[in-house]
Structures are given as structure tokens and as C-alpha cells.
Amino acid sequence: MGILAWILIGLLAGLIAKALMPGRDPGGLIITMLIGIAGGLLGGWLGKVIFGVDSIDGFFDLSTWIAAIVGSLILLAVYRVITGNRRHA
């Protein structure tokens, strides 16, 4: 898959992760999309390392989407833990 396909999958995976983990985030939509892109890459890497599967088979492959969403959920949770203790004036 090309980089544009990964960006698109990441954007959509970020939105899906946000829908699965509702709540207030310190960042806005742009942060959520960036987390989605990074989460898609993280999910693909984790799928390959932990399970030994090629989770980057194709744009319409279910394993690609599951890996991207799981990676986005992980990064969104980490982001909330890190930024959750900050207080805004």
C-alpha cells in the first residue's frame, strides 16, 4: 500500500478509536488524526511482531483495519494518560 492509503486508513482509524473511547481530549481533531496515522503504523508493526501475520495486506483487508484501529486505541489511551494530568488555566 502507498503512503496515501496509510494516511487515509490512519485518519479513519483515529476517528473510529475516538468513537470507541469517547471523552474529552486535550487535543482536537488534528491530534486525533495524527494519533490515528501513528496508530495505524503501530498496529501494523505489532501485528507483524507479536502474531507473525502480515497485517498490511491491502486497503480493504479486515486485518489491516483491525490493526490500525487497535494501534490507534493504544496510542489514544497513552496520550490521555500523559496529557490527562495537565491543567489548563
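Biologist: Is isoleucine 82 buried or exposed?

Modeller: This is a predicted model, in which local features need pLDDT of at least 70, side-chain atom pairs count only at pLDDT 80 or more, and totals for chains, interfaces and linings use all residues. Residues are numbered from 1 along each chain as its sequence is written, and side-chain values use heavy atoms, with hydrogens and water left out. Buried means under 20% relative accessible area, exposed over 50%, and partly exposed in between (1.4 Å probe, protein chains only). Isoleucine 82 has a relative accessible area of 54%, so it is exposed.

Biologist: Where is isoleucine 82 placed, and of which nonpolar surface patch is Ile82 a part?

Modeller: Helices are DSSP runs of H or I with at least four residues, and strands are runs of E with at least two, numbered from the N terminus. Isoleucine 82 is in helix α3. Patches are made of residues with over 30% relative accessible area and no salt bridge, where like charges are joined within 9 Å and nonpolar side chains (Val, Leu, Ile, Met, Phe, Trp, Tyr) within 5 Å. A salt bridge is a side-chain nitrogen of Lys or Arg within 4 Å of a carboxyl oxygen of Asp or Glu. Here Leu62, Ile66, Val70, Ile74, Val78 and Ile82 make a nonpolar patch of about 530 Å².

Biologist: Why does threonine 64 count as buried?

Modeller: Threonine 64 counts as buried because its relative accessibility is 0%. This residue also lies in helix α3.

Biologist: Which residues form the largest nonpolar core?

Modeller: A nonpolar core is a set of buried Ala, Val, Leu, Ile, Met, Phe, Trp, Tyr and Cys residues joined through side-chain atoms within 4.5 Å. The largest one has 6 residues: Trp6, Ile9, Ala13, Trp65, Ala68 and Ile69. Two or more of them come from each of α1 (3-20) and α3.

Biologist: Which residues are buried in α2?

Modeller: In α2, the buried residues are Thr32, Ile35, Gly36, Gly39, Gly40, Gly43, Gly44 and Gly47. Just after this helix, glycine 52 takes a positive phi of about 70 degrees.

Biologist: Where is confidence lowest, and where is it highest?

Modeller: pLDDT is the predictor's confidence in each residue, from 0 to 100. Confidence is lowest in helix α2 (residues 29-51), at a mean of 80, and highest in α3, at 84. The mean for the protein chain is 77.

Terms used. Accessible areas come from the Shrake-Rupley method with a 1.4 Å probe; for residues, only the protein chains shown count as cover.
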